[in-house]
4 protein chains.
Amino acid sequence: MDYQRFLEQAMAAALPALGRGKVADYIPALAAADAGAFGMALATTDGEVHGVGDDTTPFSVQSVSKLFTLALALHHGSDALWRRVGREPSGNPFNSLIQLETEQGIPRNPFINAGALVVTDALQTLTGDASGAVRELLRAESGNPAVATAPAIAASEAAHGHRNAALAHFLAHFGNLRNPVDTVLEHYYAHCALEASCRDLALAGGFLARHGLRADGSRLLSRTDAKRLNAVMLTCGTYDAAGEFAYRVGLPGKSGVGGAILAILPGRGALCAWSPGLDPAGNSVGAMAALDAFTTATGLSVF
Amino acid sequence: MDYQRFLEQAMAAALPALGRGKVADYIPALAAADAGAFGMALATTDGEVHGVGDDTTPFSVQSVSKLFTLALALHHGSDALWRRVGREPSGNPFNSLIQLETEQGIPRNPFINAGALVVTDALQTLTGDASGAVRELLRAESGNPAVATAPAIAASEAAHGHRNAALAHFLAHFGNLRNPVDTVLEHYYAHCALEASCRDLALAGGFLARHGLRADGSRLLSRTDAKRLNAVMLTCGTYDAAGEFAYRVGLPGKSGVGGAILAILPGRGALCAWSPGLDPAGNSVGAMAALDAFTTATGLSVF
Amino acid sequence: MDYQRFLEQAMAAALPALGRGKVADYIPALAAADAGAFGMALATTDGEVHGVGDDTTPFSVQSVSKLFTLALALHHGSDALWRRVGREPSGNPFNSLIQLETEQGIPRNPFINAGALVVTDALQTLTGDASGAVRELLRAESGNPAVATAPAIAASEAAHGHRNAALAHFLAHFGNLRNPVDTVLEHYYAHCALEASCRDLALAGGFLARHGLRADGSRLLSRTDAKRLNAVMLTCGTYDAAGEFAYRVGLPGKSGVGGAILAILPGRGALCAWSPGLDPAGNSVGAMAALDAFTTATGLSVF
Amino acid sequence: MDYQRFLEQAMAAALPALGRGKVADYIPALAAADAGAFGMALATTDGEVHGVGDDTTPFSVQSVSKLFTLALALHHGSDALWRRVGREPSGNPFNSLIQLETEQGIPRNPFINAGALVVTDALQTLTGDASGAVRELLRAESGNPAVATAPAIAASEAAHGHRNAALAHFLAHFGNLRNPVDTVLEHYYAHCALEASCRDLALAGGFLARHGLRADGSRLLSRTDAKRLNAVMLTCGTYDAAGEFAYRVGLPGKSGVGGAILAILPGRGALCAWSPGLDPAGNSVGAMAALDAFTTATGLSVF
C-alpha cells in the first residue's frame with residue numbers, strides 16, 4: 001500500500017478544516033500554539049516510517065501520555081490496577097467530578113483525568129519516578145533523546161491546576177491515592193508536558209500494533225493486555241467523543257489537548273496526526289479530519 | 001481455521017459459568033427460561049454455518065432486535081436519524097431517564113431503550129410497519145420463515161412496561177416521536193419479542209461482516225454505514241458494560257436480556273452465543289464467557 | 001392593623017414589576033391570560049376579608065391545588081402517606097425526573113409534580129373522587145359554589161401532558177401508584193384546572209392560619225399536621241425558589257403557574273396574591289413583589 | 001412561661017434517644033466525644049438564661065460556626081456575597097461536589113461546606129482574620145473569654161480534610177475564592193474547631209432573636225438581614241434534613257457534627273441543644289428530639 005500517498009491525501013483533506021478548531025487556552029503556554037500547524041506520521045510494523053507536514057515538530061503531548069503511563073503501570077504492576085480504576089466510557093466531559101462522587105472515588109476509566117491521576121500514582125509507587133519512566137519509554141521507542149518535559153508547560157499546568165488538584169484531593173479522600181497529592185500532581189503535570197513529534201509518537205505507539213512487543217523485540221505488554229489497551233482506547237480514548245471517533249475513524253485512538261491523536265492499526269502500525277485547533281470535546285479538528293480521510297481512503301479500520 | 005473445534009472449546013469454557021447468571025424476571029414469560037441452556041453459532045462470509053449446543057433453539061431476541069431496527073432505519077432513511085439520537089456511550093444503566101432529561105430528549109445512542117424507541121418511531125414512519133420490517137429481514141437473511149413475534153412475550157412486556165411508557169412519553173414531551181406513543185410502544189414490544197435461534201441471528205447479522213451486503217448480494221447498508229454500525233455496537237452494544245466487552249471480547253457486539261449476544265468478525269462472519277442467565281449489567285454470563293474464550297483461542301478480535 | 005392600606009401599598013409596589021413576567025404558555029388555554037392582571041386578598045382569622053385589584057376574578061389555581069390535595073389526603077388518611085413521598089426540598093426544577101430515578105420512585109416532597117401525583121393517587125384511593133374532594137373543600141371554605149374545574153384547561157393539560165404521563169408511568173414502574181395511570185392523571189389535571197379567585201383561595205387557606213380548623217370550626221388537620229403543612233410549604237412550596245421566597249417573604253407559601261401564590265400568616269390569616277406573569281422558576285413576579293412589600297411593610301413574617 | 005420546666009421535659013424526652021446516634025468519627029478528636037452527653041440552654045430576649053444537663057460543657061461547634069461567619073460577612077460586607085453563593089436548599093448531602101460542578105462554582109447556600117468556604121473567604125478579605133472575627137463575636141456575645149479554637153481539632157480536620165481541600169480547589173478553579181486555598185482552609189478549620197457550650201451558643205445566637213441587635217444593643221445585622229438569616233437557617237440549616245427539621249421542630253436552626261443545634265425563637269430567644277450522637281444526615285439525635293419535644297410542649301414554633 002502506498003502509505004505516503006494516502007498520508008498526503010489525508011493532509012490535503014484536513015487542511016481546509018484547520019480553521020474550525022480552537023487552540024487550548026486554559027494555560028498561556030498552550031495558547032501560543034499555531035492553529036495552522038499540521039503533521040502526520042505512520043510507523044509500520046515492517047519498520048517503515050512515513051510522514052507529511054510538520055511531522056517532526058515537537059508539541060505538548062498532554063493526554064496522549066496517559067496511554068504510556070497506563071502501559072507502564074500494567075507492565076510493572078498487574079491487574080490490581082483495575083480495582084482502582086474502571087474500564088467503562090464515562091458519558092461525561094473529561095474532567096468531571098460527578099461520576100467520581102457517585103462512584104465513590106473509582107474513576108470510570110484510566111483516560112479521564114481522575115483515572116490518569118490514579119494510574120500516575122500507581123506508576124509512582126511501582127517505579128519511584130512516574131514521569132521519568134514515561135519519558136524514558138518515549139525516548140527509547142522513538143529513538144529521539146530530545147523528548148523531554150517542557151518545564152514552562154508543567155509549571156503553567158500546576159499554576160492553573162485547581163481542577164486537577166480538586167480531583168486529586170477527592171481521590172485521596174476516598175483513599176484511592178497512595179502517594180502525597182503534591183507528588184502525584186507533579187508527576188502528572190510532568191508527563192503531560194512532555195514534548196514529542198508525530199513521528200516520535202507513531203514510533204512510540206508501535207508496541208500496540210505489535211501486540212505488546214517493543215521496538216527491540218522485548219515484551220512491554222502481554223498479547224492480551226495489548227488487545228485490552230486497544231479496546232480501552234477505542235471506547236474511552238477521545239473524551240466524550242469516543243463514539244464519534246469510533247464511528248468516523250474506526251480505530252483505537254488517544255487524543256490530547258495539545259492537538260495530537262495517536263491511532264493504532266492493529267498488526268500494521270501506529271499513526272499520529274497533530275494540529276492544535278480543537279473541537280468542543282477537546283479533540284483536534286485537523287487530526288480527526290486527517291484520520292477520517294486516511295481510514296476512508298485505505299479501508300483500514302478495525303470494522 | 002477449524003471453527004467447529006473452537007466453538008466446542010468455547011462452549012466447554014462457558015458451561016461452568018452458566019450457574020452464575022440470573023434469568024431476566026421482570027416479566028413472567030422471560031422468567032420461565034432455562035438458565036442451563038446454551039447455544040452458539042457462527043455464519044462465515046464464505047457461506048459456512050457452524051453450531052454447538054442449543055444452536056437451533058428459538059429464544060426471545062429482545063434488544064438484539066435493536067441492531068436490525070437501526071440497520072433498516074438507516075437503509076430506508078438517512079443521516080437525518082442522527083439528529084434525533086446520538087452515538088456516544090451512555091455511562092448509565094440501559095434504561096436511564098437521567099441523561100434523556102439533561103440532554104433534552106436526544107437519547108445518547110440507538111441501543112439504550114430511549115434511543116431504540118426513537119429508531120422504532122423513525123422506522124415506523126419510513127415503512128408503516130416497523131416490527132414487520134424487522135421480522136421480514138430476519139426471515140429473509142436466516143432463511144427461516146418461522147421467525148416470529150411471540151404474542152405472550154409482547155403482551156407481557158406491554159403489561160409490565162411502565163418504564164418504557166415513561167421513556168416514550170418523555171420523548172414525546174421533547175418532540176422526539178412522530179407517531180403516537182402507543183403505536184411506537186406496540187412495535188417496540190413486537191420486535192423485541194421476536195423469537196429466533198443462534199443460527200438465525202448469526203445468519204441475519206452477516207451483512208455487518210460483509211460490509212453491508214445482504215445474503216443475496218443486495219446492499220442493505222453502504223460500506224461506510226456498515227463500518228459505523230459496527231463502531232456503535234462496539235462502544236454501545238452491551239449496555240453499561242461496553243468497555244468490559246470490548247476489553248474481554250474485542251468485537252462489536254449487541255446483547256439482549258433474552259440471553260443472546262450477536263458479535264461481528266468484520267470480513268469473516270457473525271457469531272451468536274446464547275444462554276439465559278444474565279450478569280448484573282444485563283448481559284448473558286454464558287455468552288460472554290463463550291465469546292471471550294473463542295476470541296482468546298482464535299486470536300480473532302479487531303484489536 | 002390597617003390591612004386594607006397595606007394591601008393597597010403592596011399592589012402599588014407590585015404593579016411596576018408585572019411587565020417582567022412571562023405568562024405560562026405550555027398550554028394554549030393558559031397562554032391567553034392577561035399578564036397585566038393583578039389581585040390580592042387577605043382573609044383573617046377574625047373573619048375579616050380584604051381585597052385589592054382583581055381580587056374576585058377567577059383564575060386557574062394550578063399547583064396551589066396541591067396544598068388542598070395534601071391536606072385532604074392527611075385528613076382522610078394518615079402518616080402512611082409519608083412512606084410514599086418525602087418532605088425535603090428537591091433542589092431541582094419542579095418537574096424533574098432525575099431525583100425520582102435516583103431515589104427509586106419516592107418523590108422528594110408532595111409539591112413537585114411527581115409528589116402531587118402520588119398524593120392525588122392516595123386521595124383517590126381514600127375518597128374515590130380526588131378532584132371532586134378538592135373542589136368541594138374549596139367551595140365550602142370559600143363559600144363560593146362557582147369554584148369548578150375548567151374543562152378546556154384540563155383537556156389542554158392532558159393533551160400536552162407527556163411529561164406528567166412520563167412521571168406517572170415512572171411512579172407506576174416503582175410501584176408507587178395504586179390507581180391506574182390514566183385515572184390519576186385525570187384527577188390531577190382536574191384539580192389543577194380548578195378556577196378560583198384570590199378571595200376564594202385566601203378563605204380556603206384559612207385552616208392553616210387557624211392551626212387546622214375549618215371555617216365552620218370542625219377540624220381538618222390536627223394542630224401538629226397544620227404546623228407541618230406550613231413547614232412543608234415554607235421549604236418546598238415555591239418550586240426551586242423556596243429559599244428565595246423564605247428569604248424575601250418569610251412566610252409559608254404555595255405557588256402555581258396560573259400566577260397565584262397563597263401565603264399563610266400563622267394565627268393571623270391567609271393571603272393570596274395573583275398575577276399571571278411568571279419568573280423563570282415558575283412563580284408569579286407580581287405576586288412575589290406584592291407579598292415581599294406586604295411583609296416588609298407590616299413586619300409580619302414568621303422570622 | 002416556665003421555660004426551665006419545659007427544658008427539663010425536653011431533656012427527659014431526649015435521653016432515651018441518645019443511644020440511637022453515632023458520634024462523628026471522621027477525625028479522631030471528635031470520635032472521642034461521649035455519646036451519652038446532653039445539654040440544653042435557652043437565652044431569652046428578656047435577658048434570662050436557663051439550662052439543663054451539660055449546658056456549660058464546651059464542645060466543638062463545627063458547622064454552627066457557619067452561622068456566625070455568615071452574619072459577620074453580611075455585617076462587614078454587603079449583598080455582594082449573594083452573587084458568590086446562593087440561598088436555595090441543596091437537595092444533596094452536605095459536602096457534595098456535584099451541584100458545584102453543574103452550577104459552575106456557585107454553591108447552593110452558605111451552609112453547605114462549599115458555601116461556607118466562600119463565606120469564610122469573603123470574611124477573610126473583609127477582616128484579615130476570619131476565624132478570629134468569629135471567635136471574638138462568640139466571646140463578646142456569650143461573655144465567656146474561654147471560647148477558643150481547639151488546636152488539636154483544627155489540626156485533625158486539616159489532616160483528614162481532602163474533601164474540603166477538593167471543594168476549595170474546585171471553587172478556586174471557578175474563580176470563586178479571593179484568598180489562597182490554604183488560607184481559606186486554615187480559617188475554615190479554625191472557626192469550625194471553636195469550642196463553646198450550649199449556654200455560650202444560646203447567648204451568641206441572641207442577635208437573631210432580637211432582629212439583628214447584639215447583646216449590647218449595637219446592630220450586627222439590619223432587621224431585614226436578620227429575618228433573611230433566619231429564613232436561610234430554616235431552609236438550609238440542617239444539611240439534607242431541612243424539611244424534616246422544619247416539619248418536626250418548626251424553627252430556624254443550624255446544626256453541627258459536634259452534636260449541637262442552635263435554634264431561634266424570633267422575638268423570644270435562642271435555644272441550643274447538644275448531644276454528640278448523630279443521625280445519618282449528620283444532625284444530633286438527642287438535640288433533634290429535645291427541640292421537637294420543647295416546641296411541641298410549648299407550642300412555640302414559627303408556624
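Chain A and chain C do not touch, and their nearest C-alpha atoms are 11 Å apart. Contact here means that the C-beta atoms of two residues, placed from the backbone, lie within 7 Å. Chain B and chain D do not touch either, with 11 Å between their nearest C-alpha atoms.

Before going on, some housekeeping. This is a predicted model, where local features need pLDDT of at least 70, side-chain atom pairs count only at pLDDT 80 or more, and totals for chains, interfaces and linings use all residues. Residues are numbered from 1 along each chain as its sequence is written, and chains are lettered from A and ligands numbered from 1 in the order in which they are written. The model scores ipTM 0.91 and pTM 0.91. Chain A averages a pLDDT of 94, pLDDT being the predictor's confidence in each residue, from 0 to 100. In chain A, 98% of the residues score at least 70.

Helices are DSSP runs of H or I, at least four residues, and strands are runs of E, at least two, numbered from the N terminus. Ala, Val, Leu, Ile, Met, Phe, Trp, Tyr, Cys and Pro count as nonpolar, Asp, Glu, Lys and Arg as charged, and the others, Gly among them, as polar.

Superposition is by least squares on the C-alpha atoms of residues with pLDDT of at least 70 in both copies. The same surface serves both copies, as 100% of the contact residues of chain B recur in chain A.

Next, B and C. Here 12 residues of chain B are in contact with 12 residues of chain C. Helix 4 (98-102) and helix 8 (162-173) of chain B are the elements that give two or more residues to the chain B side. Helix 8 of chain B has the largest share, 8 residues. The side of chain B that touches chain C divides into 6 nonpolar, 4 polar and 2 charged residues.

Chain B superposes on chain C by a rotation of 180° with 0.1 Å of shift along the axis, at RMSD 0.0 Å. That is the relation of a two-fold axis. Ala166(B) has the C-alpha nearest the axis in chain B, 1.9 Å from it. Again the same surface serves both copies, with 100% of the contact residues of chain B recurring in chain C.

Last, one helix pair inside chain A. Helix 5 (residues 113-127) and helix 8 (residues 162-173) of chain A pack at an angle of about 60°, with their axes 10 Å apart. Axes are lines fitted to C-alpha atoms, for helices over the stretch in contact, and angles run from 0 to 180 degrees between N-to-C directions.
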